[in-house]
Amino acid sequence: MAKPSSTRFCRNNICVTLAFGFVFFSLFAGVFFCMLKNPRALAQDYAKLATIALSYGDVVGAKAAAEQSLKQNPTSRQSWEVMAKILLESGDSRGAQKAARIANALGHPAGGQNLLYAMPAELRLSFLAMSDKDIR
Amino acid sequence: MVAPYGYAFTFVMGVFSVLLLGWDGFQSYSSGWVFGFLAVIWSLLMMMRLMSLATPAREDKTPSSTLAQKILNSFYERQEERHHYVLMKSMGGSFVLFFAGLLCFLGWQIFCALAPSQKSFMDGFMQSISAFQDGTSSNFRAVYDWGQMFMLALSLSMMAFVLRTHAPSRAPTRSMMIVVASYAVAGLITFLGLSVEHAASFSQSVSNPDVAGSGAGTGLWLAGALYGDGAPTMFELLLIETGIGGVAMVAFMMFVPLGAITLGAPSKRVDSLVLSCAMIIGICLIISVFLPMSPALGAYMLLCLMGLFLAWGAAEIGVYTPQRA
């Protein structure tokens, strides 16, 4: 009786099929991920937009841009600083103080480290659980 | 037919991945694509490797009428047997445990991300869903951060598979293990030499225009004027992010290859040089888990993992010896 060909076994094997499936999934997931815009970069762009709008005296537009920035990345120190300035301009000194306090807390570690893992645990956990109400 | 350059090409791509991961840390916000790119690279490599192992060595089934044809057919048959052996061994054994551990860890990380601190899982989940539906909070940043980890996990599992399939080639494996072990020791000395506060902020100091490329770096280094602040270690990060469950899963995943290497040692399947290099790399990797985390250290850990995967394959798959009746 003829020995079954190993090649035929390889082709029909469920493990090989699954492995190919896994490879295609990873390929498409990787391509999809490459096309995504980093929310941190988006937050930075919105923060710049807010600063420009504020320099032209458009407080409402600046606030909308800053809110968008914080929605994209609630842990951005720059965005909170811009928000504090905008709130101060609009006369909300209490809100400005709150925003400045958060920006200050996010200043750890020195030099504006953008890596999230360098943030203290309690801060990170509280920001993950933070709702939109906290921003306003 | 397996391409003869497959081994070297895989290793070059591995080193490229290490450099890419290290480079990512020196960039600001624009390098998130690196993780997706790594997944694309390794999926293409794994696809090529799977195709080379699963494709028959001979397409035409020429009847073996002549002696020369019989010899050629026998050669092809043995090659196919070897490919089949390597393929099945690479996907089986302790790799299944490693892959299952990886999936469990990813699942556990999602659970931890959805249920931070004291909130219950369902509360966190429902809040995320309703916030998404209302459009009040995109939460996209957290998803993106988790996506980076997911891409890295995919790349790691595919890298483990590809390097395991290459490991039975004894001669290049020996030389590659020596190279990786040397870099692992040199890297460990470097990271231990950098003090706790300096290692964490090394990337910042390098990207600072006042320091980088101005020739003033050494002076600043000696004067201790680099940016300094304590950063948590990989162990602490895991503990913060995923609790003791996550730490246990990662420890399990790390000890699957280390255990396979150790258990494979008495069977003489793996030579002592590969074994000793693997032990050196394993020790370096374990120590680096307790060093302050930085992007450069992450890249170093990936290099160590490359060596570990190679030794894992060598210990578990060994060298194929055809079974003769």
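Helix 3 of chain A passes helix 4 of chain A in a left-handed crossing, left-handed meaning that the near helix is turned anticlockwise from the far one by less than a right angle. This is a predicted model, in which local features need pLDDT of at least 70, side-chain atom pairs count only at pLDDT 80 or more, and totals for chains, interfaces and linings use all residues. Residues are numbered from 1 along each chain as its sequence is written, chains are lettered from A and ligands numbered from 1 in the order written, and side-chain values use heavy atoms, leaving out hydrogens and water.

Back to the pair. Helix 3 covers residues 39–55 of chain A and helix 4 covers residues 59–72 of chain A; they pack at about 165°, axes 8 Å apart. Helix 3 of chain A is therefore roughly antiparallel to helix 4 of chain A, the label for angles over 145 degrees. Helices here are DSSP runs (H or I, at least four residues), and strands are E runs of at least two, numbered from the N terminus. Axes are lines fitted to C-alpha atoms, for helices over the stretch in contact, with angles from 0 to 180 degrees between N-to-C directions.

Contact means heavy atoms within 4.5 Å.

Now chain B. It has 13 helices and zero strands. Of its 325 residues, 49% are buried, that is, under 20% relative accessible area with a 1.4 Å probe, protein chains only.

Leaving aside neighbours within four places in sequence, Phe309(B) contacts Phe98(B), Leu156(B), Met159(B), Ala160(B), Leu163(B) and Arg164(B).

Helix 13 of chain B also packs with helix 7 of chain B, residues 170–193, at about 150°, axes 10 Å apart. That makes helix 7 of chain B roughly antiparallel to helix 13 of chain B, and their crossing is left-handed.

How values were computed
Parallel < 35°, antiparallel > 145°, perpendicular 65-115°, else oblique. Buried < 20%, exposed > 50% of the residue type's maximum accessible area, 1.4 Å probe, protein only.
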